[in-house]
Amino acid sequence: MNRRIVLALALATTALSSLPAMAQKSGGTLVQITQPEPPNLAPYISTSAPIGQVTAKVFDGLLEYGFDLKPKPSLAESFEVAPDGKAITFKLRKDVKFHDGKPFTSADVQFTIMEVLKKNHPRGIATFRDVTAVETPDAHTAILRLAIPAPYILKALSSYESPMLPKHVYGQGDIKTHANANTPIGSGPFKFGEWRRGEFVRLDKNPSYWRAGLPYLDRIVVRFIADASTRTAVLEKGEAHVAGLGAVPYNDAKKLALRPNIEVSTKGTEMISPIVELLFNTKQAPFDNPKVRQAISYAVDRKFVIENVWFGFGKPAMGIISSNFQPSGLFAPGIDFTVADRIERANKLLDEAGFPRKADGTRFEFTHDITPYGEEWQRFGETVQQNLAQIGVKATLRYEDLPKWLKRTYTDYDFAITSNFLFNLADPVLGVHRGVHSDRIRPGTVFVNGSRWSSPETDALMDKAAVETNDATRGKLYAEFVQRVSEASPVAYILEVQFPTVINKQFKNVIDTPLGIYGNFATVHRQ
Amino acid sequence: MKKFWSRFLGNPRVYLGLIWLGLLLLVAISANVLAPTDPFAIVGKPMAPPGGEFWLGTDSLGRNVLAGLIHGSRATILIAVLATLFAVAFGTLIGAIAGYYGGLIDNVLMRFTEFFQTIPSFLFAIVLIAILSPSALNLVVAIATVSWPPIARVVRGEVLTVKSREFVQAAVVAGQGDAAILLKQVLPNTLSPLIVTGSLLIATAILVESALSFLGLGAPNLMSWGFMIGAGRSFMREAWWLVTVPGIAILLTVLAINLVGEGLNDALNPRLADL
């Protein structure tokens with residue numbers, strides 16, 4: 001009898017969990033703060049950070065992801081990779097309707113990938129580079145044909161990265177200046193309601209969403225508040241409920257975490273994986289010497305930077321690949337630059353490299369360019385300046401505006417060391433390779449290999465890992481790759497930033513994907 | 001001249017201003033003695049409140065606020081005074097030529113001046129720094145560039161009144177050249193309004209420099225009061241001293257300069273003072 005009860009209970013729990021709508025309370029309005037106001041609501045042609053925070057709730061992707069970065073079904077019920085890795089077959093849901101009532105079919109997938117993302121999306125151009133065709137044998141099957149295996153595509157199909165567009169809407173007219181760029185129509189849990197410029201975007205519940213019973217919320221209001229302290233105050237008072245990705249300064253987030261009604265989450269950046277780094281100009285003395293570069297990397301006090309510049313929202317970077325890839329087996333640590341005797345090691349390396357201390361205690365001087373992203377970057381530069389003074393290296397800081405800095409770093413290569421902010425994104429192929437691969441040394445292209453370091457060995461490892469479909473084998477390739485990059489240290493990897501998301505405790509399930517605030521909020525509900 | 005000194009120093013407000021400015025000058029000159037370490041050096045626990053090991057506390061990176069204040073006085077004063085000198089020199093040149101020659105030259109130079117005057121000066125300074133990139137020299141250039149037009153107008157007005165006086169006409173009759181007349185006869189007589197405007201300009205320059213540094217457009221390797229406020233403004237609620245201390249320093253300095261400037265004005269234009 002006992003056994004029967006257990007079985008019945010188990011069945012009951014399964015039944016309940018498969019019908020989440022009954023267990024949760026529906027209704028309510030969630031106020032999200034996004035900063036700055038997005039320039040448009042066209043995530044298919046722009047990756048500007050605030051856009052996705054709104055549109056990921058309006059559009060669906062073919063897949064969703066768990067915190068382990070493993071794909072979960074969304075518009076695609078299932079997918080299958082051909083044994084040779086050159087085709088991916090998606091079985092699509094049959095019950096999906098766009099907000100205008102028209103059904104979602106494989107033609108929409110073909111149109112979105114081939115006509116829009118592959119041609120116009122800033123990252124899609126690279127992601128879908130090897131997609132030669134999307135075949136549509138029937139209305140609910142889409143086959144991606146690939147020139148070479150591209151397993152990383154399966155990491156880039158979220159509603160944020162690759163939103164599926166209705167062909168009958170976005171197929172009309174020029175996609176770059178489309179009439180619906182500010183009034184998006186998708187199939188997601190929320191429909192676009194209204195955009196009052198300078199104030200808010202209102203998203204309303206999609207009553208005919210294909211996931212029965214979802215979303216729970218009646219409405220999402222995305223507010224735009226220009227002043228940082230007002231944003232913090234509004235969150236503190238509970239007038240707004242969610243804010244992330246730079247909307248709240250790090251030190252304010254630390255303070256808000258102490259309030260009883262507020263939770264600050266550092267989850268939800270697992271598919272973004274931002275890394276703060278120091279980029280060396282490896283074609284110029286003294287940073288053409290790997291020993292000098294390692295010495296600089298040892299000298300930076302990562303723990304101090306994390307505590308006092310990023311207010312605890314980060315952890316020391318262990319190498320070129322973020323530790324967020326640990327669950328998928330692609331992470332491996334490089335040289336540990338945080339060891340206790342790091343200053344002695346740095347001094348020794350500089351002595352060996354032929355830069356002894358001169359009479360005034362200094363070894364050499366250089367100009368340190370600061371990433372023009374705001375004040376934490378200035379504080380970071382000032383901290384590094386003080387850290388380097390300890391090993392006799394004198395840094396002079398330079399702070400320019402973004403276009404000048406980008407040109408100096410990625411076109412003219414007219415720098416010695418610059419701080420930098422690079423995202424690992426959803427897969428090392430998308431976010432990591434660009435930083436050190438020889439074919440990404442492209443003057444004029446930003447956020448690629450600015451150090452101009454590369455080696456045939458690391459190139460080969462990356463090329464192999466890019467087409468390898470087995471995660472364990474990829475992991476081994478990357479472990480060797482990380483070690484080699486770490487030894488050469490063309491970049492000093494300083495910290496992995498964990499963006500804080502401020503959440504009012506009234507609302508549950510806000511951060512339930514590795515995309516955080518770029519999630520679709522379908523399962524967010526009031527307590 | 002005797003009358004001037006007695007009028008100037010007989011004003012108690014001038015005394016207050018002079019005392020503060022004198023103190024400031026002393027601190028600026030002996031900054032390296034008073035605070036021998038680099039003001040950017042991380043010397044203690046971040047955000048230590050005033051009154052502990054560090055008299056005025058430490059900032060978000062553990063830098064000594066007192067050392068920042070001392071070295072900041074040097075940067076702040078140097079930039080403001082240099083910018084003012086440049087502005088006065090250029091403004092006087094333009095104003096004097098325009099006023100003395102009149103006619104087409106006057107027209108062209110004054111339209112040129114107005115061109116600069118029509119641009120809101122602070123926004124103009126921001127644009128200049130954005131183009132030139134922040135550094136101590138560029139701050140001086142930017143502040144001077146936005147500050148000279150009022151000087152030019154004041155000098156031109158004075159030159160216009162002075163040049164019609166008999167002694168100038170006498171100099172013309174005596175055969176003196178234009179340059180000699182301008183330098184020896186006209187300009188010395190425009191000095192009093194120039195000194196007053198110039199001294200007040202220093203106060204404005206301090207404010208502009210502080211505002212630029214506050215916005216993060218200050219010289220990145222130079223500790224100034226505006227920089228301290230800019231770096232501290234995010235922590236206003238938990239570390240009030242970071243903005244309050246340099247804020248009070250700026251307030252007192254600008255006030256002192258204004259007091260002295262007004263005192264100069266009263267002493268140089270006694271008729272105005274009596275009104």
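Helix H2 (residues 12-29) and helix H12 (residues 241-268), both of chain B, have axes that come within 8 Å and cross at roughly 130 degrees. That makes H2(B) oblique to H12(B). The model is predicted: local features need pLDDT of at least 70, side-chain atom pairs count only at pLDDT 80 or more, and totals for chains, interfaces and linings use all residues. Residues are numbered from 1 along each chain as its sequence is written, while chains are lettered from A and ligands numbered from 1 in the order in which they are written.

**Terms for the helix pairs**
- Axes are lines fitted to C-alpha atoms, for helices over the stretch in contact, and angles run from 0 to 180 degrees between N-to-C directions.
- Angles under 35 degrees count as roughly parallel, over 145 as roughly antiparallel, 65 to 115 as roughly perpendicular, and the rest as oblique.
- Helices (H or I, at least four residues) and strands (E, at least two) are DSSP runs, numbered from the N terminus.

**H2(B) and H12(B)**
- The crossing of H2(B) and H12(B) is left-handed (near helix turned anticlockwise from the far one by less than a right angle; clockwise is right-handed).
- H2(B) contributes residues including B:Arg13, B:Trp20 and B:Leu24, and H12(B) residues including B:Leu252, B:Ile257 and B:Gly263 (contact: C-beta atoms, placed from the backbone, within 7 Å).
- The residues of this contact divide into 11 nonpolar, three polar and one charged.
- Ala, Val, Leu, Ile, Met, Phe, Trp, Tyr, Cys and Pro count as nonpolar, Asp, Glu, Lys and Arg as charged, and the others, Gly among them, as polar.

**H6(B) and H7(B)**
- H6 (residues 121-132) and H7 (residues 136-163) of chain B pack at about 150 degrees, with axes 9 Å apart.
- H6(B) passes H7(B) in a right-handed crossing.
- Among the residues that meet are B:Phe124 and B:Leu128 in H6(B), and B:Val141 and B:Thr145 in H7(B).
- This contact has nine nonpolar, three polar and no charged residues.

**Chain A**
- Chain A has 17 helices and 21 strands.
- Its C-alpha trace spans about 80 × 65 × 55 Å along the principal axes.
- The radius of gyration of chain A is 24 Å, which agrees with the value near 24 Å for a compact globule of 527 residues (taken over C-alpha atoms; rule: 2.2 Å times the number of residues to the power 0.38).
- Buried residues make up 51% of the 527 (buried: 20 or more other C-beta atoms within 10 Å of its own; exposed: 12 or fewer; partly exposed: in between; C-beta atoms placed from the backbone).

**Chains A and B**
- The contact takes 18 residues from chain A and 14 from chain B.
- The chain B side has nine nonpolar, five polar and no charged residues.

Notes:
Two residues are in contact if their C-beta atoms, placed from the backbone, lie within 7 Å.
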